[in-house]
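Below are some notes on the aromatic pairs and on one surface patch. Please read them with the model open.

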Amino acid sequence: MQLVVVALSLVAMTVGSPLAEEWARFKVSHGKSYESIGEEYSRFQIYQSNNQLIEEHNKRFEMGLESYSMEMNQFGDMTEAEYLNSILCVNISRAKGKSEPAQELTAIQDLPGTVDWREIGFVTPVKNQGMCGSCWAFSTTGSLEGQVFSRDGKLVGLSEQNLVDCSRSYGNNGCQGGLMDNSFNYIIDNGGIDTEDSYPYEAKDNKCRFNKETIGAVVKSFVDVTADNE
């Protein structure tokens with residue numbers, strides 16, 4: 001009986017609704033499928049709430065009350081809490097690490113007001129982690145890519161998938177989250193990390209396929225910068 005009620009509720013909310021076609025396109029565009037009618041009903045409600053939030057924000061943007069506009073993306077059927085936990089990985093434990101003690105930095109005078117690291121060549125083109133909570137892996141590779149460029153003058157894309165697949169014993173959980181420190185510890189002990197080209201990103205957990213012949217960078221040590229001391 002409960003299943004019938006949920007099914008009828010979903011039909012009532014979607015048929016004739018202005019959001020019906022948008023919801024259908026959203027599912028197709030982002031390859032969404034749900035295990036039950038009940039789950040789709042719940043996801044549609046979340047989507048509807050997020051859509052309303054976007055519309056209200058964009059009205060304020062048009063009035064000059066916001067500095068940016070918003071639009072629906074692949075995370076539109078997730079709550080904020082789900083997004084924080086599964087995509088931004090906020091609840092991951094830190095493994096015992098090898099980070100060096102933070103050093104007191106001497107204040108440097110006459111710094112420029114802004115620096116665009118893209119123009120200098122320190123960062124790769126924009127990457128997309130997809131529906132995988134691997135932000136920690138992208139943070140690790142981005143940091144290391146910049147350091148390699150600073151030393152060698154060459155921008156080499158490094159493999160996030162290598163970290164997703166191979167660093168679980170260091171405290172990372174693949175698409176369920178991880179930490180940069182855990183990743184650096186893995187790279188140190190592993191003798192390096194593969195290049196992006198040799199070990200491309202898949203946005204899902206898989207078996208470890210690290211190849212020492214295609215290493216793009218190594219790490220000897222790392223330092224955690226004190227918060228607000230960037």
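How many aromatic pairs does a search of the whole structure find?

1. The search finds eleven aromatic pairs. Keep in mind that this is a predicted model.

2. One of the pairs is that of Trp-23 and Phe-26, which is stacked, with 5.7 Å centre to centre and 15° between the planes. Both residues belong to helix H2 (residues 20-29), where they sit three residues apart, about one turn of the helix. Trp-23 and Phe-26 are both buried.

3. Another pair is formed by Tyr-170 and Tyr-186, and here the arrangement is edge-to-face: the centres are 5.8 Å apart and the planes are at 75°. Tyr-170 is in the loop between helix H7 (160-166) and helix H8 (180-190), while Tyr-186 is in helix H8, so the pair ties together parts that lie 16 residues apart in sequence. Tyr-170 counts as partly exposed because its relative accessibility is 21%, and buried means under 20%. Tyr-186 has a relative accessibility of 4% and therefore counts as buried.

4. Trp-23 and Phe-26 also belong to a cluster linked by ring pairs, together with Tyr-34, Phe-44 and Tyr-47.

5. Val-123 is placed in the loop between helix H5 (117-120) and helix H6 (135-152). With a relative accessible area of 38%, Val-123 is partly exposed; a patch takes residues with over 30%.

Notes:
Residues are numbered from 1 along each chain as its sequence is written. This is a predicted model: local features need pLDDT of at least 70, side-chain atom pairs count only at pLDDT 80 or more; totals for chains, interfaces and linings use all residues. Side-chain values use heavy atoms; hydrogens and water are left out. Rings of Phe, Tyr and Trp (its six-membered ring) pair if their centres lie within 6.5 Å; planes under 30 degrees apart count as stacked, over 60 as edge-to-face and the rest as tilted. Helices (H or I, at least four residues) and strands (E, at least two) are DSSP runs, numbered from the N terminus. Buried means under 20% relative accessible area, exposed over 50%, partly exposed in between (1.4 Å probe, protein chains only).
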